[in-house]
Each structure stands twice: as C-alpha cells, then as structure tokens.
Amino acid sequence: MKAKITATARYLPKRTLSNQDLEKMVDTSDEWIRSRTGIEKRHLVAEGEATSDMGKKIADQLLASSGKSAEEIDLILVATSTPDYLVVSTAAMVQDKINAVNAWGFDIVAACTGFIYAMETGAKMIESGKYKNVIVIGADTMSSIINYADRNTCIIFGDGGGGVLLEPSDNDIGVLDSILYTDGSGSKYLNVPAGGSVQPASKDTIDKKMHYVIQDGKTVFKFAVKNMADVSKEIIDKNGLKGDDISLFIPHQANKRIIDATAKRCGLHEDQVFVNINRYGNTTAGTIPIAIDEAVEMSRLAKDDLLLLAAFGGGFTWGSMLIRWGNV
Ligand code: UT7
C-alpha cells in the first residue's frame, strides 16, 4: 500500500513586504535582493495571526476540496519551526480549531526540510494500514523570529504555508521513495540561539536579540547546493531514472541561485523546475506545499507524472521524495 495526495491547499497572509519596503528598513536594495536571491516580495501575518491560524485555513480547504468531514481525519502533522507555543503542539491547536475530534497529531521540527519529513511520517502511517486520512501541513510564521534590522535574514524569509491530504493508494500512485538526512553538527550555522533550554528567555537574551534567527548565509548556501543536488541525484539514480523522467521538480525555495545550481547539477531543464520564490521568499516548511498547490492550480501536474521534491534547511536537515501523481 502507498500513500497518495488527494487534496492540496495553501495560505498566504494578505499583508506583503516588498523589496522597496525593506530598502526603508535596512541598508539594502531591490537590485541586490533580486540578483542575490530572486525574491521580490514576501507575505507577513496580521497582528495576532499565528501558525495554527494558517494551519486551520489550510486544513479547512483540504476538507472542503476532498469532501471529508473533520471527524474522518485520523492524524494531523504540522511541520513548523515557529509553533504557536513552546509547549503545546501547533497540530493540537489545528485539531481543536477544525474540531477533528477523532484525530491525534504532533509537530515536526526540521526547518526547511520539515514538510518532506512530515510527508515521510504521514506516508508511513498510511502504509501501516492503521490510518486512512492524514493531514500534512507545512507552515511557518517566520516574521515571529526575524530581526527586521538584520539584512542578512530579513530579506529572505516570509510567512505562509500549505498542506496535503494523504490517503491510501492500492496502485502505483503516491509516495514512491524518499531519502532523508540530518547532520546536527551544522546547527551552529543557522539557528535561534535563545528561548529554548540551552538559553531560556531572560532580559539579557532579549536585550541581545537572541530570539531571532541567526544565519551564516555563505556556509548554508554552500551546503544547500551540494546536499540538495546530491540527495536529488541519489533518489533519481536509486530509482533507475534519468533527469528527463522527472515531470516536475519542486525544490525548497530558499534562494533562486540555490534552485538553479541544484537543477543544473541534476541535469534538469528550467521548464521542469517550479519557482515561486519571487512572490513569497522563503517560508521555511511552507515553500514545498505552497508550490505543490500552485502547480496543481496551474495544471503542471497530470496523472502518472513523476514529482520530485527536495529541501535543505537548518539542523542541518535535507532530503528528497519521489511521488507518482494521481488525480487531484
Ligand atoms: O532555507 C534554508 C536556509 N537558508 C538558505 O538556504 C540561505 C542560504 N544563503 C543565501 O541565500 C545567501 O548566502 C544570502 C542571500 C543570505 C546572502 O547572499 P550572498 O551572495 O551569500 O552574500 P554574502 O553574505 O556573501 O554577502 C556579499 C556582500 C557583503 O558585502 P561585502 O563584504 O562584499 O562588501 C554583504 O555585506 O553583500 C552584502 N550584503 C548585502 N548587501 C545588501 C549582505 N546582505 C545584504 C543585503 N543587502 N541584504
């Protein structure tokens, strides 16, 4: 038995932050941001809007388009690095907000690779035969952990998320394979230093702005290109495929230059690669499910197409997933 995607959804908050807006906040320029990252604007939550609010909107859409009731949902997985609370999972908040009274759920913290980790978890739950309707969400409120005075990070990230409904498949449609990695020795290059058990929140950590994301962009860039390309190539080779067999490649959207370099190293042409970073920036666990939903809307996925996902993120975490597309 495999797990197939039977519905897709996305949610981007209304408010936007353009490169021109950022020019007024930090020493940067529209030209620098476009040429170094490919980003033109990003979306930001409204005041008081949290990750679970985005998750609820995504789950509501999944229920509406699949025709399922909330009571039919067995499991809710939320990939996020920006949970509503440190204690209480965002999945629990979504469960309550959609009134999925028969579901259990939990969060998966794997930064930008979070959605692929959550898809792997959800797919294995379906394959076990025990669960029939699994909601997998990737969503991040990056604006809650970004220092808008730090040009190294504030130009990259945005808020948003997406999700899918997974159901059992008794044919060759669905998640075919995945390869996942974690290397915690990379944690020093991208993290939020304070607010956890290493450095609990204090006046001092707040004064030092340690509750914001810090990133050694150059190092992360180097690892991202190498590992995303390697893990994409690895899954293509492992399944006896060639680059041309991939109908659509949806890479994590962190930097257009990382996407281009990865595609080139895997022998994929521009028309095989989905790019929307210009409109949303890096929404962390949100980028891949947002792109999947847009690809469906744009009819870029047809029955039996091979969809390749790949991501790299903080941890370090990285991975790829191969999906045979069904009727969505
Ligand atoms: O989602 C997964 C995790 N994150 C990533 O994958 C992000 C990976 N890293 C990147 O995307 C890129 O490294 C960045 C976009 C963060 C930075 O781009 P870069 O080409 O690596 O720039 P850099 O850090 O090497 O800086 C080049 C120059 C420096 O000036 P000097 O020293 O050459 O005079 C920076 O100070 O650009 C300067 N700079 C900026 N200038 C204008 C750095 N940030 C900015 C900025 N605006 N926002």
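This is a predicted model: local features need pLDDT of at least 70, side-chain atom pairs count only at pLDDT 80 or more; totals for chains, interfaces and linings use all residues.
Residues are numbered from 1 along each chain as its sequence is written, and side-chain values use heavy atoms, with hydrogens and water left out.

**The sheet**

Now show E12 (residues 306-313) along with E13 (residues 317-324); the two run antiparallel and are joined by 8 bridges. Strands here are DSSP runs of E with at least two residues, helices are runs of H or I with at least four, and both are numbered from the N terminus. Two strands pair if DSSP finds at least two bridges between them.

Click Leu 248 and you'll find its bridge partner in E12, Leu 307. (Buried is under 20% relative accessible area, exposed over 50%, partly exposed in between, using a 1.4 Å probe and protein chains only.)

Bring in E8 (174-182) and you have an open sheet of 4 strands, ordered E8-E13-E12-E11, with mixed pairing. E8 and E11 are at the edges with a single partner strand each, so one side of each has no neighbour in the sheet.

**The helices**

Next, select H8 (residues 217-238) and H9 (residues 256-265): they pack at about 35°, axes 9 Å apart. Axes are lines fitted to C-alpha atoms, for helices over the stretch in contact, and angles run from 0 to 180 degrees between N-to-C directions. The contact (heavy atoms within 4.5 Å) includes Phe 221 and Met 228 of H8 and Ile 258 and Arg 265 of H9. H8 also lies across E8, E11, E12 and E13, at about 150° to E12.

Most residues other than glycine have a negative phi, and most peptide bonds are trans. Zoom to the loop between E12 and E13, where Phe 316 sits; a cis peptide bond joins Gly 315 to Phe 316, with omega about -5°.

Then jump to Asn 99, whose phi is near 60°, in the loop between H4 (90-98) and E5 (104-108). Last stop: Ser 299, with phi near 55°, in the loop between H11 (287-297) and E12. Ser 299 is exposed, at 63% relative accessible area.
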